[in-house]
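This briefing goes through a protein model by topic. Please keep the sequence and the coordinates at hand while reading.

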2 protein chains.
Amino acid sequence: MEHHLLNTLKVKSLGIDTYSENIIFIRSDCHICRSEGFTALTRLVVHHNEKTIIATLNVVHSELLSGNEAGLSDIALERLNVREGDLIAVSHLKPIESLSDVRAKIYHNKINEKAYHKIISDITDGLYSDIEISAFIAGCAGNNMDLDEITWLTKAMIKTGSRLKWNQQVIADKHCVGGLPGNRTTPIIVAIIAASGLTIPKTSSRAITSPAGTADTMETITVVNLSTKKIKDVVNKEGGCFAWGSLAKLSPADDILITVEKALDIDSPGQMIASVLSKKVTAGSTHVLIEIPFGETAKVRTHDEALKLQYYFKAVGDAVKLNVEVLITDGSQPIGKGIGPALEAMDVLSVLRNEKQAPKDLKDKSLVIAGALLELSGKAEKGKGISEAKKILESGKAYEKFQKICLAQGGFKEPGFAKFHINITSETAGIVKSVDNRKLAKIAKLAGAPRDPSAGIYFNAPIGTKIEKGQTLYTIYSELERELQYAVDYLKSVNSIITIV
Amino acid sequence: MEHHLLNTLKVKSLGIDTYSENIIFIRSDCHICRSEGFTALTRLVVHHNEKTIIATLNVVHSELLSGNEAGLSDIALERLNVREGDLIAVSHLKPIESLSDVRAKIYHNKINEKAYHKIISDITDGLYSDIEISAFIAGCAGNNMDLDEITWLTKAMIKTGSRLKWNQQVIADKHCVGGLPGNRTTPIIVAIIAASGLTIPKTSSRAITSPAGTADTMETITVVNLSTKKIKDVVNKEGGCFAWGSLAKLSPADDILITVEKALDIDSPGQMIASVLSKKVTAGSTHVLIEIPFGETAKVRTHDEALKLQYYFKAVGDAVKLNVEVLITDGSQPIGKGIGPALEAMDVLSVLRNEKQAPKDLKDKSLVIAGALLELSGKAEKGKGISEAKKILESGKAYEKFQKICLAQGGFKEPGFAKFHINITSETAGIVKSVDNRKLAKIAKLAGAPRDPSAGIYFNAPIGTKIEKGQTLYTIYSELERELQYAVDYLKSVNSIITIV
């Protein structure tokens, strides 16, 4: 980053939390604003010793600051590593060249490998404003990236991330593209695979647009924000882990993109494939099983769409030297009974403990995926993966391994129920014909999931269930009575979520 | 906007200017954040009496505020019409439904008329964050809107704007799609048309991505930020005006969109057509001439692209009941000699005063467009428009009208030169073969235009000019020595801007 001139100001800590955006506050009548012509929303370079960040200017017209002081948002203080009283300097930001590639992308042009590298490294360096990141995400959405571009974006994310190294030849991993409430097979699969003797350093994300991510779920049982060093220790000792990927800095640009995707409630194919596969490569994985559930109200709606994603995952996987296998699964209804971090965690524990009332669909699905991964990794012969996985689970070895991993990560606790709940009962008798996953997920979110880990839905009406009039279809849980009310209000405003005929 | 609960806080004015974004500052330990689970970047509804705005939360961890106080950014104070000590209430924002249409647009789907109306009315009401506006703009960019959609967007902007009414049957107007430095024909055309006896209530924008808009240029001569009432008074008295459109609130959604387009340096066809034609309708115009300059380095690069725009302008014009005529013009090089507000204003005055050194290209082009508009409006017979326009200009009647309009708007002053300048001279002798408009515009902007109205370029080397070695090709003007240096630095970093053979 070149810059032209330095002007010194004294840091004042205002204690303002702007989340991920760097904001600098300067008085309108200070010498720098006057001489440099800085105005509100100008993007500036802020310097301290050898460090620089880019920040957006908020101009102050009050006594909040004196003329030679500058306020910084919390994240800017942290990134620049300064505290109150330190001297900083500001200078003009030269035009960020990679933004012209973002514009080209918005205009639906193909951009080249170098462009993706520059965009992703500029985002990693904090040069983009949230507005600019939003435009990049929108430009890459839909079918606007071809195979080359997804590959280049993936490679760019790999290049800007840090990379884990392992001694083993085969490193197993799995990922589900999501969109199916309660589909929490990962902890069960990791326990089975690690118990089989394979290495599976699984990192998971928090929810992007769903009521729970695997990291949110596992956080109700153990510690998930592990440093890279801690991840290595746990995996070297136990063969597996349940870590939150973001803290490991495996793909810092992706973490920034996901923040804005979440604000926009968007999760598009190209970005998703790059996000998933780049994190697999930086986690050091060699054999990766991808699950794509499809169904009318799942994230992937049609079999065609699932086949297209399968093609991209395998082709980009080849390009970045991963052994990728894809399983397309049934996404017509929730898996297990819980929707929301703690409620899903209870399902997971129930399956691992081989309890009688354990959700059979969650168990069966976990075995199918674990089995395929055992075969892909060469640990089981073709056709024998599932029975091998079943043996490990039902013998109690998987649960034993699960507990050991949790203890290595920092402890084990039982997830608890939320303070408030309401039972939603059926107004008719009949057989459940279909379930609207999206609306169920929305209710769980309105009830507070994943922010409140114990909030969510306990689901009692899978397709095919015989229902009496007045029978509980599902229970909504919430930590706040008001949020329970939001969920119920929403429920009243939509058509039936569970169709009974 | 429905809301669920009210929590009262006392307003504290922090004097923070965040430009167009509503920000609310609340302490992290205040009762509302705790009970409602609000965190940084949460979007809230803020209430005062009957008024509500949506604001983004910045959480404060310091003594800046007490627990029962809330800070508001300057624009939020203004929009909510509150001052220090007033009581406000905050509540949860229910999901904004039109955002699902924005997502559909990002995924390249066609969205319907109702969706455009809802998006634009939500933007007008301040419900969208800058991130969401950015995504909408990116989703509409390129060729991502068809004729129906551009028409619906135009109608939505008309519906949300306020509308000027005139007594005359014929209201003339003109617009240039821009992208050509120094193409400042508008003030000359308005003067000619008004002097002919027609009514032309011309509103112009400030620069979006160029070194000067017509409003910036005219502001160096007279007052341009006129209220709607003032515009009516001036036009009723003199038949024409040179007003800045934004203040007239003719299309408030468009003004918000343009702010973000400017931050992204994007100006895409669908948005542009809707922006232009909606403002023409709300200004009460009936006969509109659109100029589309095309050239390799103009905004519109090819004749095909110009023809496509012409088709859309005429078709959307039909749909919103405007008589639209389109002139496709030569955009291979700057028009006139000045680039930048004051320097372009000098060219305008020189043509109006019929000075010998007046730029002939600017005069000729103004006459062509004014002539076409006289014909379109029925004021001149077919084929006689240009000679009619010439008669009005050369008789001094146009300049007389121009001065009268300026005086009616609030005064007349001569534009001045900037403090610093540097002559850029030729290193070879020969004939000018081509000129890079984009790079010239960039230099003018680096030199401070349009922020400093006197900054810019005085251009002496149109295509075909015979140049001696050492002859001045153009002069760069700036109010700040440093910015002159930025411009020169940039100049050194690029290939030749003026090709001499």
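In this predicted model, B:Gly338 stands opposite B:Tyr458, a residue of β16(B). The strands involved, β13(B) and β16 (residues 456-459) of chain B, run antiparallel and are joined by 2 bridges.

**The sheet in chain B**

- β13(B) and β16(B) belong to an open sheet of 4 strands, ordered β13-β16-β18-β14 in chain B, with antiparallel pairing.
- The edge positions are taken by β13 (338-339) and β14 (420-425) of chain B; each has a single partner strand, so one side of each lacks a neighbour in the sheet.

**Backbone details**

- Most residues other than glycine have a negative phi, and most peptide bonds are trans.
- In chain B, the peptide bond that runs from B:Ala449 to B:Pro450 is cis, its omega being near 0°.
- B:Pro450 sits in the loop between α17 (437-446) and β16 of chain B.
- Chain A has a cis peptide bond from A:Ala449 to A:Pro450, again with omega near 0°.
- The loop that holds A:Pro450 lies between α17 (437-446) and β16 (456-459) of chain A.
- B:Asn49, a residue other than glycine, has a positive phi, near 50°.
- The place of B:Asn49 is the loop between β4 (43-48) and β5 of chain B.

**Relation of the two copies**

- Two copies of a chain are related by a rotation about an axis and a shift along it.

**Interface of chain B and chain A: extent and make-up**

- Chain B contributes 50 residues to the contact, and chain A contributes 50 residues.
- Between them the chains bury about 4,400 Å², and 64% of this area is on carbon and sulfur atoms.
- On the side of chain B, the residues that lose the most area to chain A are B:Tyr107, B:Ile131 and B:Tyr486, which together make up 13% of what that side buries.
- Which polar links cross the interface? The rule finds 12 residue pairs in polar contact, both residues at pLDDT 80 or more.
- The number of salt bridges found across the interface of chain B and chain A is 0.
- Elements of chain B that give two or more residues to the side touching chain A are β2 (16-17), α1 (31-36), β5 (51-60), α3 (98-106), α5 (130-140), α10 (252-264) and α18 (481-493).
- The most is given by α5(B), with 6 residues.
- Sorted by class, the side of chain B that touches chain A holds 23 nonpolar, 14 polar and 13 charged residues.

**Strand pairing between the chains**

- Strand β5 (residues 51-60) of chain A pairs with β2(B) in the antiparallel sense, over 2 bridges.
- In this pairing, A:Val60 stands opposite B:Ile16 of β2(B).

**Salt bridges**

- Side chains of opposite charge can pair when their charged atoms come close.
- How many salt bridges does a search of the whole structure find? Over all chains there are 50.
- A:Lys279 and A:Asp254 form a salt bridge, and their closest N and O atoms are 3.0 Å apart.
- This pair links distant parts of the chain, 25 residues apart: A:Lys279 is in helix α11 (residues 269-282) of chain A, and A:Asp254 is in helix α10 (residues 252-264) of chain A.

Note on methods. Residues numbered from 1 in each chain as written. Chains lettered and ligands numbered in written order. Predicted model: local features only at pLDDT ≥ 70, side-chain atom pairs only at ≥ 80, totals over all residues. Heavy atoms only, no water. Contact = heavy atoms within 4.5 Å. Buried area = accessible area lost by both parts, 1.4 Å probe. Salt bridge = Lys/Arg side-chain N within 4 Å of Asp/Glu carboxyl O. Polar contact = N/O pair within 3.5 Å; in protein donor to acceptor, adjacent residues only side chain to side chain. Nonpolar A, V, L, I, M, F, W, Y, C, P; charged D, E, K, R; others polar. Pairing = 2+ DSSP bridges.
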